[in-house]
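The stops below are meant to be selected one after another.

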Amino acid sequence: MGKTNKQQKKAAALKEKGQKSSVQKINSTTIQKKKNKGKRNNAFKTIDKISEQDKIQNKNTKHFVRSCNTNANNASLHVINTDNTKQLQAINNKSRKKKVRKGKIRLDQVNNKDDDTVKKIQNVKKITEKKVKHKKGNTATPIDRAKLVNKNSMKTKKNSKINIERLKQMLATKEKDEVKPKKIKEILPLRERMMMKLKASRFRYLNETLYNNSSTQSKKYFKEDPDAFKAYHDGYKQQVEQWPLNPLDVMIESIKNMPNDRVIADFGCGEALLAASVPQKVHSFDLISVNERVRACDMAHTPLLTSSTHVVVFCLSLMGTNLGDYILEANRVLKKDGILKIAEIESRFDQIDDFIKILNDYGFINTWKDLSQNLFYFLDFKKVKDITTNRNKLPEITLKSCIYKKR
């Protein structure tokens with residue numbers, strides 16, 4: 001029995017040492033685990049399980065010891081129990097060591113990760129401290145921002161003022177443009193307004209007749225009704241006021257730049273404004289003579305001599321079904337290298353290049369063209385050969401009719 005008590009004491013002492021060492025190790029690890037609770041939970045759970053198992057085993061061993069003290073007569077059973085407890089202790093110690101090793105490995109992994117996170121946090125703190133110091137050093141930054149805001153607001157105000165002024169200018173120009181028709185409507189009585197509408201409608205009708213008849217038919221028509229020719233030109237004047245550009249002004253400027261000894265023939269002259277505006281000698285022809293400067297004739301058969309002029313002008317006067325006769329007459333009266341000047345409404349041409357090619361057959365070569373102007377085309381041709389024979393083989397010249405809109 002003495003030996004058994006000694007053995008029991010030694011076993012108890014070994015247990016206490018093992019427990020103390022395990023508790024010390026657990027305490028040392030728990031201090032490190034508190035830094036990162038979320039990541040170390042798994043390691044703590046394994047150690048807690050070990051401690052619970054130790055408690056259960058201690059209870060079992062105490063129960064065995066008590067049973068041995070009370071049943072002293074059963075020595076053989078006591079020896080067996082002690083042997084069993086030793087085996088159980090050895091097995092438990094081995095399992096404990098394995099679990100503790102696994103826990104240490106896991107804790108080391110967690111600690112390495114924690115060291116990285118701690119370093120990152122320290123770097124962030126350093127950066128924030130530097131920013132705070134920089135802000136404390138630069139006390140004038142909020143004032144500068146306020147100044148910048150004020151400057152930007154001033155700029156926006158200036159831009160808004162400029163925009164308002166531009167809008168005012170635009171409105172003023174629009175009002176000026178709209179003043180004329182409004183004044184006419186307000187000042188003119190109803191009867192005169194009705195007369196203006198009648199004149200405009202009559203102008204459109206006469207314009208269509210000129211486009212759809214030959215020059216001989218139109219001359220006959222205006223001879224029988226001279227007032228119709230006057231009505232046509234009154235309507236034409238009214239139409240010119242609405243155009244952005246008067247093509248006759250372009251013709252006048254180009255002829256003024258020519259030498260004064262040049263002779264000009266104006267086919268379809270109207271009131272002969274070209275002759276009144278240039279220093280050169282000008283022959284003015286139209287179907288009806290409106291004033292002293294105009295000679296009434298069919299423009300397909302003028303009284304001019306052959307090769308007697310330097311320039312022939314058709315300013316919005318290529319009207320009729322026999323346009324080829326007009327161009328042949330221009331070829332006849334022009335000198336060699338003479339100039340044929342044409343100004344026409346752009347909507348009358350399907351393809352301007354086709355028109356230029358046809359005039360090549362009539363003895364003219366295109367030397368200049370301006371197609372950039374709004375509403376009108378300007379063309380200059382040079383006479384390179386006389387067309388006296390084989391007139392029947394020449395291609396027909398056709399242009400679309402210009403129909404003016406109702407206003």
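Predicted model: local features only at pLDDT ≥ 70, side-chain atom pairs only at ≥ 80, totals over all residues.

Residues are numbered from 1 along each chain as its sequence is written, and side-chain values use heavy atoms, with hydrogens and water left out.

**Stop 1: helix H5**

Select residues 190-212, which form helix H5; helices (H or I, at least four residues) and strands (E, at least two) are DSSP runs, numbered from the N terminus. From first to last C-alpha, the 23 residues of H5 reach 34 Å, close to the 33 Å expected at 1.5 Å a residue (the expected span is 1.5 Å times one less than the number of residues). Next, show Phe 203, Arg 204, Leu 206, Asn 207, Thr 209, Leu 210 and Tyr 211, the buried residues of H5 (buried means under 20% relative accessible area, with a 1.4 Å probe and protein chains only). Their cover includes helix H6 (215-224) and helix H7 (226-240).

**Stop 2: the sheet**

Turn to the open sheet of seven strands, whose order is S3-S2-S1-S4-S5-S7-S6, with mixed pairing (two strands pair if DSSP finds at least two bridges between them). At its edges are strand S3 (294-296) and strand S6 (364-370), each pairing on one side only. Select strand S4 (residues 309-315) and strand S5 (residues 334-345): they run parallel and are joined by six bridges. One place to look is Cys 315, whose bridge partner in S5 is Ala 343.

**Stop 3: Glu 344**

Stay in strand S5 and select Glu 344. Is this residue buried or exposed? Glu 344 counts as buried because its relative accessibility is 1%. Its side chain makes a polar contact with the side chain of Arg 348 at 3.2 Å (a pair of N or O atoms within 3.5 Å, where, within protein, one must be able to donate a hydrogen and the other to accept it, and residues adjacent in sequence count only if both atoms are side-chain atoms).

**Stop 4: an aromatic pair**

Finally, select Phe 314 and Tyr 326, a stacked pair with 6.4 Å centre to centre and 15 degrees between the planes (ring centres within 6.5 Å make a pair, and planes under 30 degrees apart count as stacked). Phe 314 lies in strand S4 and Tyr 326 in helix H10, so the pair ties together parts twelve residues apart in sequence. Phe 314 counts as buried at 0% relative accessibility, as does Tyr 326 at 2%.

Note on methods:
Buried < 20%, exposed > 50% of the residue type's maximum accessible area, 1.4 Å probe, protein only. Contact = heavy atoms within 4.5 Å. Phe/Tyr/Trp six-rings, centres within 6.5 Å; stacked < 30°, edge-to-face > 60°.
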